[in-house]
Amino acid sequence: MKKKITPSPYPYTLLVEWSDEDKLWIGTCPELFLGGVYGTDQKKVYAELCQAVQEHIAIANETGAALPKAIAGKEFSGKFVLRTTPQHHRLLALRALQAGDSLNAYVVKRLKPAVS
């Protein structure tokens, strides 16, 4: 018999990532708060993160504070507008030309390592 997975009671993004710098697991919920929880046990960090999110939601509900929209499950178009200086735009266009890429392809290649 398959184990039933209970869906999260909140739609927010819960991230638990290893930090080589700190040698710890770091748990964050980017939609709700900066910072987060940390520790050496990944499962405990996740449990503490769930508790922190539940507490944050409960406090918002008690005080009447608005909760932000969640991005978990949101569909993205793959497009966004990037504002920069004309000089930076020109430099990026030149670098793209040197690399034999379109400006878009060049910027995507440069951004990829930062988000991987």
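Modeller: Two strands pair if DSSP finds at least two bridges between them, and the strands (E, at least two residues) and helices (H or I, at least four) are DSSP runs numbered from the N terminus. This is a predicted model, in which local features need pLDDT of at least 70 and side-chain atom pairs count only at pLDDT 80 or more, while totals for chains, interfaces and linings use all residues. Residues are numbered from 1 along each chain as its sequence is written, and side-chain values use heavy atoms, with hydrogens and water left out.

Biologist: How many bridges join β2 to β3, and how many residues lie in the hairpin between them?

Modeller: Strand β3 (residues 33-39) is joined to β2 by four bridges and runs antiparallel to it, with three residues between the two strands in their hairpin. Glycine 27 has valine 37 as its bridge partner in β3, and isoleucine 26 stands opposite tyrosine 38.

Biologist: What joins β2 to β1?

Modeller: Five bridges link β1 (residues 15-19) with β2 (residues 24-29), again in antiparallel fashion, and glutamate 17 is the bridge partner of isoleucine 26. The hairpin of β1 and β2 has four residues between its strands, and in it lysine 23 takes a positive phi near 60 degrees.

Biologist: In which order do the strands lie, and which of them stand at the edges?

Modeller: The three strands form an open antiparallel sheet in the order β1-β2-β3. Because β1 and β3 each have a single partner strand, they stand at the edges, and one side of each is left without a neighbour in the sheet. Neighbouring strands are turned by 30 degrees against each other on average, direction ignored; axes here are lines fitted to C-alpha atoms, for helices over the stretch in contact (heavy atoms within 4.5 Å), and angles run from 0 to 180 degrees between N-to-C directions. Helix α1 (residues 42-63) lies across β1, β2 and β3, at about 145 degrees to β3.

Biologist: Which residues line the largest pocket?

Modeller: Rolling a probe the size of a water molecule over the atoms shows where empty space is left. The lining of the largest pocket includes Phe80, His89, Leu103 and Val108. Helices α2 (86-99) and α3 (103-115) each supply at least two lining residues, and α3 gives the most, with four.

Conventions. 1 Å grid on protein atoms, 1.4 Å probe; cavity = no way out; pocket = protein on both sides within 12 Å on 5 of 7 lines; lining within 4 Å.
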